[in-house]
Number of protein chains: 6
Amino acid sequence: MIFPILFTFFLLLSSSNAAVQDFCVADFAAPEGPAGFSCKKPASVKVNDFVFSGLGIAGNTSNIIKAAVTPAFVAQFPGVNGLGISIARLDLAVGGVVPFHTHPGASEVLIVAEGTICAGFVASDNTPYLHTLEKGDIMVFPQGLLHFQVNGGEAPALAFASFGSASPGLQILDFALFKNDLATELIAQTTFLDAAQIKKLKGVLGGTN
Amino acid sequence: MIFPILFTFFLLLSSSNAAVQDFCVADFAAPEGPAGFSCKKPASVKVNDFVFSGLGIAGNTSNIIKAAVTPAFVAQFPGVNGLGISIARLDLAVGGVVPFHTHPGASEVLIVAEGTICAGFVASDNTPYLHTLEKGDIMVFPQGLLHFQVNGGEAPALAFASFGSASPGLQILDFALFKNDLATELIAQTTFLDAAQIKKLKGVLGGTN
Amino acid sequence: MIFPILFTFFLLLSSSNAAVQDFCVADFAAPEGPAGFSCKKPASVKVNDFVFSGLGIAGNTSNIIKAAVTPAFVAQFPGVNGLGISIARLDLAVGGVVPFHTHPGASEVLIVAEGTICAGFVASDNTPYLHTLEKGDIMVFPQGLLHFQVNGGEAPALAFASFGSASPGLQILDFALFKNDLATELIAQTTFLDAAQIKKLKGVLGGTN
Amino acid sequence: MIFPILFTFFLLLSSSNAAVQDFCVADFAAPEGPAGFSCKKPASVKVNDFVFSGLGIAGNTSNIIKAAVTPAFVAQFPGVNGLGISIARLDLAVGGVVPFHTHPGASEVLIVAEGTICAGFVASDNTPYLHTLEKGDIMVFPQGLLHFQVNGGEAPALAFASFGSASPGLQILDFALFKNDLATELIAQTTFLDAAQIKKLKGVLGGTN
Amino acid sequence: MIFPILFTFFLLLSSSNAAVQDFCVADFAAPEGPAGFSCKKPASVKVNDFVFSGLGIAGNTSNIIKAAVTPAFVAQFPGVNGLGISIARLDLAVGGVVPFHTHPGASEVLIVAEGTICAGFVASDNTPYLHTLEKGDIMVFPQGLLHFQVNGGEAPALAFASFGSASPGLQILDFALFKNDLATELIAQTTFLDAAQIKKLKGVLGGTN
Amino acid sequence: MIFPILFTFFLLLSSSNAAVQDFCVADFAAPEGPAGFSCKKPASVKVNDFVFSGLGIAGNTSNIIKAAVTPAFVAQFPGVNGLGISIARLDLAVGGVVPFHTHPGASEVLIVAEGTICAGFVASDNTPYLHTLEKGDIMVFPQGLLHFQVNGGEAPALAFASFGSASPGLQILDFALFKNDLATELIAQTTFLDAAQIKKLKGVLGGTN
C-alpha cells in the first residue's frame with residue numbers, strides 16, 4: 001500500500017523542487033554582482049556553510065586602540081550572502097576604543113555581552129547620542145552615521161554587533177584620512193586640521209605625503 | 001528627403017540603445033546570484049522566453065493528496081527572472097488537498113478558475129483566516145505564513161496562484177518534517193508530536209530515522 | 001496537569017505577539033505613503049479583507065474597444081497593501097482590444113483562461129515580441145514597457161493579469177495623449193502625428209484643445 | 001575674528017539641516033504603514049529611543065518548553081523602526097527547546113553566548129541542516145524556513161538572535177496548528193496528522209474544535 | 001616606537017579589509033544579472049572608473065528632432081553599476097524636441113543649464129503636468145510616465161537629467177510604434193490611429209509592414 | 001455617433017482610475033514614515049509640486065569655506081517624495097571647499113557646470129580616488145563614503161549633485177565632531193586628535209566642552 005503513495009507524492013514534489021532558492025551561499029570563485037556573490041551549486045552546499053566558529057575566539061587587543069573587531073561578514077561567512085544580515089565580535093581591553101567609524105551599507109545593533117561600553121553616534125544635525133551600556137544592553141547605530149565604542153569600565157568588554165546587510169562595510173575615520181597618501185595640504189584644506197596634526201597622525205598610522 | 005532624416009534619427013537612437021536592460025531572461029548555464037540568474041545575451045532572446053505553455057495542461061492528481069501544483073517560477077519560465085513575479089497552476093480533484101505550506105519568498109494571490117476551494121492561512125498571532133472561494137474569487141496569503149487549499153466541492157477545482165517573486169519558494173510542512181532523515185526523537189522534541197505519529201508519517205512519505 | 005502547562009506557554013507567546021506585522025490591510029481613511037496605505041488596526045482585520053469577489057463577474061465589453069479590465073489592485077482589494085502583488089480580470093469580446101498601455105509600477109504575467117489572445121510588447125530597442133496565446137498559456141510583460149492584448153479568436157476571451165505590486169498603475173497611451181486638454185499643436189510636436197489625426201482622436205475620446 | 005566665521009558656517013548648515021532623516025524612531029500613536037511605524041517628531045527623539053535594556057534580564061524558562069524568547073523588535077525597541085534590523089534574547093534551560101518555527105520577514109543569525117545549542121533548519125528540498133553550536137559559534141537561518149533550537153548541553157544556554165528586519169515576525173508551528181479554533185478535521189486533512197494527536201496537542205496548548 | 005603601533009593597527013585593519021564592497025564597477029565581460037553587471041576585481045579599479053567626460057561635449061542636434069540625448073548610464077559609465085543613479089545630457093537646438101517617451105526603470109529630475117525648456121508629463125489619470133523651465137529650474141518626472149521636453153526659447157537649450165537607477169531605460173513612443181516591423185493593421189487596432197498616419201510615420205522612421 | 005463611444009470608454013477608465021499612485025507628493029503636515037512623507041491628496045496636487053526654482057539662484061559663498069550647498073531634497077522639493085531621487089546645487093568661490101562629508105542614504109553623481117573642481121572620495125580600504133573635473137565632467141561618489149570637493153581653478157565653480165534618494169542626508173565631518181557638546185576628551189579618545197586641535201576647531205565652529 002505504501003509504494004503507490006510514495007510514487008504519487010513524488011509527482012508533486014518534483015515540480016516544487018526545481019524552483020528552490022532558499023539561500024545563496026557565496027561562491028568566491030564566481031563573479032560578484034551588486035546584490036552579492038554568485039551562489040554555490042546546491043549540490044555542494046553543506047551545513048558548514050551556515051555555521052561560523054570564528055567569533056568564539058577573543059580578538060587580539062594588544063594594539064594601540066586596545067580593541068579588535070572580528071567580522072562574520074559575507075567574506076568570512078559565505079552563508080549570509082544575499083540574506084541581508086551579518087555579525088561581528090568586538091573585544092575591548094581596559095581603555096580600549098573603536099574610534100569613530102561608519103558602516104556605509106547597514107545599520108548596526110550592538111549588544112554588550114561582558115563589561116561596560118560607552119557608545120555614541122552623531123546625527124546629521126550634529127546632535128550626539130551617547131549612552132553607557134551595561135551587560136545585556138543594546139544600542140542601535142543608524143546606517144552611515146559616525147559612531148564609536150569605548151570600554152567604559154575597569155574590566156575587558158565583549159560585545160556583538162549585528163548588521164542589516166551581509167556586507168555592511170567599515171570606514172574608520174582616522175584610517176580614511178591618515179593611512180594613505182592623501183596630501184597633507186589637501187587634508188588640511190578639507191578638514192581644517194592643522195598640518196602638524198595631520199603629519200603626526202600620518203606618522204602613527206603609516207600614511208605618506 | 002527621407003534618407004537624411006533617417007540618418008539623424010539613428011544618431012539619437014544609437015545613444016539610447018546601449019543602455020537597454022528592460023528584462024533579464026535567465027541563462028541557466030551562467031552563475032546565479034542573490035537577485036536571480038544571469039541574463040541571456042540580448043541577441044539570443046526570443047519571444048518564446050516570455051511565453052510558457054506548461055500551465056495549459058492539467059496536473060496529475062492521481063496521488064495521495066489528489067492535487068497537483070504546476071509552477072511557472074523562474075526555473076520553468078526564464079522570462080520572469082528579475083521581474084518579481086511568477087505564477088502556478090493548481091489542480092485539485094474531488095477531495096484534493098494542498099497541505100499546509102509556506103512560500104518563504106513571496107506573498108500569493110489565488111484565483112479560482114473552476115470549482116470551489118476552501119482556503120486558509122494562520123497569522124503569527126495564531127488566528128486562522130478561512131474562506132470558501134467560488135469561481136472568480138481571489139484570496140491573498142501573506143508572505144511566509146502557513147496556508148492550505150482544499151477542494152471544497154463535488155467537482156474538480158482549478159486555480160492559479162500568482163506570486164510577487166520569480167522564485168517564491170515552497171516549503172510543505174509534512175515534507176519538511178517527515179520526508180528526510182531527521183531523527184524521530186528530535187522531531188518529537190521540536191514539534192511535541194508523538195513518536196508513533198512521526199514514524200507513521202515518515203513511513204508514508206519515505207522519511208528515515 | 002494541563003493548567004500549569006498552558007500558563008507557561010502563554011509566557012512565551014506574550015512576548016512574540018507584540019511584534020506581529022504579517023500584513024498591513026489598507027486603511028483608506030488614514031494617510032497613504034510611498035510604500036502604500038496605512039494599516040488597519042489588527043483588531044479590526046477580518047478574513048474578508050483578504051478575499052475579493054469582484055473578479056467573478058464579467059466586465060462590460062459593450063464599448064468601443066469591446067474590452068473591460070477589472071482590477072483587484074490595493075484600491076479595490078485592501079488585503080494586498082504592502083504585499084507586492086495584485087491581479088486584474090480581462091474580458092475581451094470578439095474583436096476586443098486592450099490598446100497599447102504601460103504599467104509604470106510592475107511587471108505583468110497574463111494567463112489566458114478562455115479563448116485566444118494575441119499579445120505583444122515592444123522593448124526599448126523597439127523590437128516587438130508578439131505571441132498568440134491559447135487557453136492556459138502565459139506571457140510576461142516587463143515593467144513599464146508598452147504592450148497590448150487583442151482577442152485573436154472567434155469567441156470571447158477571458159484572462160487574468162497578475163502584477164508584482166499592489167499598485168501597478170495603468171497608463172493607456174491613447175488616453176494619455178488624447179483624453180485631456182493637451183494642445184493639439186503640442187501633441188503634434190511631441191508625437192509627429194498630424195493635427196487632423198490628433199483632433200479626430202480627441203473627438204472620439206473627449207479631449208479638448 | 002570668530003563671530004563672522006560662525007555666522008557664515010551657519011549659512012551652509014541651515015540648508016543641510018532641513019533634509020535630515022537619519023532615523024525614524026517609531027511613534028506608536030501614529031499610523032503604521034507597510035514600511036513600518038510613523039516617525040517621532042525629531043524634537044522629541046532622545047538617546048533612550050536608541051537604547052534597550054530588556055535583553056539584560058534572563059527570560060523565565062519555567063514553562064513546558066523550558067525556554068524563553070525576549071524580543072527587541074520594533075514593538076519593544078522603537079529606535080530600529082525602518083532600519084532593517086532587530087535582535088532577541090534566547091534563554092534555554094537544561095532540556096529547553098524552541099520548537100519549529102519560522103520568521104516570515106527576515107533571516108536570522110544566532111550567536112551562542114553561553115552553553116551548547118543544537119540548532120537546525122530544513123530547506124525547501126526537505127534537506128535538514130543541523131549543527132551543535134558551542135559558545136561563540138554562529139549559525140544563519142534563511143528567511144521563512146522552518147528551524148528550531150534545543151539546549152544540547154547540561155547547563156543553561158544563552159543566545160542572541162539577530163534579524164534583518166525591524167519586524168521579522170514569528171510563527172511557531174505548534175501554536176499555528178493547535179492553539180486556535182481550527183477544526184480538528186480540517187487540520188487532519190491538511191497535515192495528515194491523526195485526529196487523536198491533534199486533539200491531544202489542542203488540549204495541551206489550549207486550542208478548541 | 002612607531003613600528004609596534006603600526007603592526008597592531010594592521011591587525012584590526014586586516015579583518016575589515018576582507019569585507020570591502022563599497023562599489024561594484026561594471027565588468028562588461030562578465031555575466032550581467034537582474035541587479036546589474038558583475039563587479040571588476042578590486043585590484044583593477046581605477047579612479048577613471050568613477051569619472052566620465054562624455055557629457056562635456058554637445059550632442060549633435062542636426063537631426064529631425066533637433067535634439068540629442070547623451071547618456072551616462074551604466075553602459076557608458078561603469079562606476080555607477082549597482083549604485084542606483086545615472087545621468088544624461090540633453091541638447092535641444094532652437095525648435096528641438098525630445099518626443100514623448102518613458103523611462104521604465106527610474107524617475108527623472110531634469111535641471112536646465114541653459115535656455116528655456118517646456119516640459120511635461122501625463123499622469124495615469126490622464127492629467128497633464130506642464131511647465132516652462134528657465135535656467136536653474138528643475139522638474140521631476142515620475143517613473144514610467146510619458147513625458148517630453150521642447151526647447152521653448154529662441155536659443156539652444158542644455159539640460160541634465162538625473163535618474164534613480166544606473167539603467168533607467170528609455171522607450172521613445174514613436175520609435176516603439178513606428179520604427180520596427182509591427183503590422184500597420186495591428187498598430188491601427190491597438191492605437192486607433194489611421195493606417196495612413198501609421199504608414200507615413202513608418203516611412204519617416206524606417207519601419208516596415 | 002460619438003456619445004455612445006465616449007460613454008463606453010468611461011467604463012474602462014473608471015476601473016483604472018481608482019488605482020492611480022504614480023507619485024506621492026509630500027504632505028509635510030501628515031505623518032512621516034521610513035519610506036518617506038505621507039502623500040498629498042490627489043485633488044490638491046499641482047504642477048508646482050513637481051517643479052522647483054531654488055537651484056537657479058547662486059548660493060552665498062561669503063563664508064569660511066567659500067562654498068554653498070543648496071539642496072532640492074524632499075524637504076525642499078516635495079515632488080520627489082518616494083521617487084528615489086533628488087538634486088543639489090553646489091557653488092564654490094575661488095578657493096572654495098566642501099569639506100569631507102558623507103551622504104548616509106544615497107550615492108551621488110556630480111556634474112560640473114562651470115569651472116574646475118578637484119574632487120575625491122576614500123574607499124573602505126583607505127584608497128583615495130581623486131580627480132580634477134572640468135566643465136561637463138561627472139564623478140560618482142558611492143553611498144556613505146567620505147568625499148570632498150574643492151574649487152581647483154581660478155574662477156568660481158558651479159556643479160550639480162544628483163542623489164539616488166529623495167533624502168540622501170548629509171553628515172559633515174567637522175560639524176559632527178566639533179559643532180556640538182561632545183567632550184574634548186572623548187573626541188580625543190575616539191579620533192586620536194590632540195586636545196588643543198579639537199578645542200581650536202570647537203572654537204571656530206561653535207562647539208562646547
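Chain B and chain F do not touch either, with nearest C-alpha atoms 17 Å apart.

This is a predicted model, in which local features need pLDDT of at least 70, side-chain atom pairs count only at pLDDT 80 or more, and totals for chains, interfaces and linings use all residues. Residues are numbered from 1 along each chain as its sequence is written, chains are lettered from A and ligands numbered from 1 in the order in which they are written, and side-chain values use heavy atoms, with hydrogens and water left out.

**Confidence**

The predictor gives the complex an ipTM of 0.90 and a pTM of 0.92. For single residues the score is pLDDT, the predictor's confidence in each residue, from 0 to 100. Chain A has a mean pLDDT of 90, and 90% of its residues reach 70 or more. In residues 1-20 of chain A, pLDDT stays under 50. For this stretch the model has 39 contacts beyond four places in sequence.

**Chain D against chain A**

How many residues does each chain give to the contact between chain D and chain A? Chain D gives 51 residues and chain A gives 51 residues. Buried area is the accessible area (1.4 Å probe) that two parts lose on being put together, summed over both. Between chain D and chain A it is about 3,900 Å², and carbon and sulfur atoms give 72% of that area. On the chain D side, D:Ile85, D:Tyr129 and D:Ile138 lose the most area to chain A, together 15% of what that side buries.

Helices (H or I, at least four residues) and strands (E, at least two) are DSSP runs, numbered from the N terminus. Axes are lines fitted to C-alpha atoms, for helices over the stretch in contact, and angles run from 0 to 180 degrees between N-to-C directions.

|---|---|---|---|---|
| A | residues 184-191 | residues 195-205 | about 120° | 9 Å apart |

The crossing of α3(D) and α4(D) is right-handed; a crossing is left-handed if the near helix is turned anticlockwise from the far one by less than a right angle, and right-handed if clockwise.

Which residues of chain D meet where α3(D) touches α4(D)? D:Thr184, D:Ile187, D:Ala188 and D:Thr191 in α3(D) meet D:Ala195, D:Ile198, D:Lys199 and D:Lys202 in α4(D). By class, this contact has four nonpolar, two polar and two charged residues. Ala, Val, Leu, Ile, Met, Phe, Trp, Tyr, Cys and Pro count as nonpolar, Asp, Glu, Lys and Arg as charged, and the others, Gly among them, as polar.

In chain A, α3(A) and α4(A) are oblique to each other, and their crossing is right-handed.

Terms used: Contact = heavy atoms within 4.5 Å. Parallel < 35°, antiparallel > 145°, perpendicular 65-115°, else oblique.
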